[in-house]
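Have a look at the picture first.

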Amino acid sequence: MNIEQIMQDLVHHNVLHSVAIPAKRLSGGTVSKLYLIERTDGNSYVVKMNEPRVVKSESIYLNYYQSSHLLPKLIFLEPSNTYLVYSFITGSTDYPEGNKREILQTLIHGLVNDYKEVSTQQGWGWADQPSKSWRDFLEEERSEKSKMIGVHLADEDHELVCNLVQNMEEEREAFLLHGDCGVHNFIFDGGRLQGVIDPTPVIGNPLYDVIYAFCSSPDELTIETFHSILDQIRFEREASLTRIYEKVLIGLYLRIGIAIKHHPSDLDSYLVSWQYWRNIVLQCRNEGGLDL
């Protein structure tokens, strides 16, 4: 369907009163097509088109957490999952450096702490293409990113992350996560977090979204910043800080792979942070870990 057909469809379903309302193409979608509909009553909508399984997965997430003030409201889902319509959040996607702690704390209290448990009968990881276990999901992600990272990290670094993933304890409880919870999908206004968009839902541990957000920009990747948000999470945590730090290192590794592909100018900063967190993990392991 093209946008003209969608507009007529929305009138038919009483989402819009008239096709005379203009639709403006939005940038930012890597695979999806996005259009902004600015209604005369001041309520603007976003139309998003993608593969049916992707559209359905996103709609499930938005509907599941419809009470969150950080997420757009799902207005309409086309019955065959060709497109969905959600409320437009005013603001900018320009990330304001220097305010990371407050942004992540807002994320935790406004979204992550409201995450709900889900069944794992369909699997773990990507909700629309699940893996058999959480470890399998992370291993698939690690394997993919290792090819991107290549010689940017030493062989022993690749081996370290591989061992960390393989030796992880399996998760017992699963939650529906955003899955792409990074600053590139955050809406800001006046330096403050106003919204979170474009979920690619994942079934797993809420700490995954928190670490993903923490590592999604190369600034303030310190243990002090991480602890300032770790204490805000309401979910039961690992008994050992060493295990948590290992998960941060895995998350940072995955982010380095993404940065090489999409944000190569950030690579040098991430490599510095890699040595920093690698040293933390190795020191904790050599000392037997630190209990919370």
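## Salt bridges and cores

R135 counts as partly exposed because its relative accessibility is 26% (buried means under 20% relative accessible area, exposed over 50%, partly exposed in between, with a 1.4 Å probe and protein chains only). This is a predicted model, so local features need pLDDT of at least 70 and side-chain atom pairs count only at pLDDT 80 or more, while totals for chains, interfaces and linings use all residues. Residues are numbered from 1 along each chain as its sequence is written, and side-chain values use heavy atoms, leaving out hydrogens and water.

What does R135 form a salt bridge with? Its partner is E170, which is partly exposed at 31% relative accessibility. A salt bridge here is a side-chain nitrogen of Lys or Arg within 4 Å of a carboxyl oxygen of Asp or Glu.

| Pair | Closest N to O |
|---|---|
| R135 and E170 | 3.0 Å |
| R285 and E246 | 3.6 Å |

The R285 and E246 pair links helix α9 (residues 267-286) with helix α8, 39 residues apart; helices are DSSP runs of H or I, at least four residues, numbered from the N terminus. E171 and K247 are both buried.

Now for the greasy part. A nonpolar core is a set of buried Ala, Val, Leu, Ile, Met, Phe, Trp, Tyr and Cys residues joined through side-chain atoms within 4.5 Å. The largest one has 77 residues, and F226 and W277 are among those touching the most other members. Helix α8 (residues 241-262) gives the most to this core, twelve residues.

Conventions. Helices (H or I, at least four residues) and strands (E, at least two) are DSSP runs, numbered from the N terminus.
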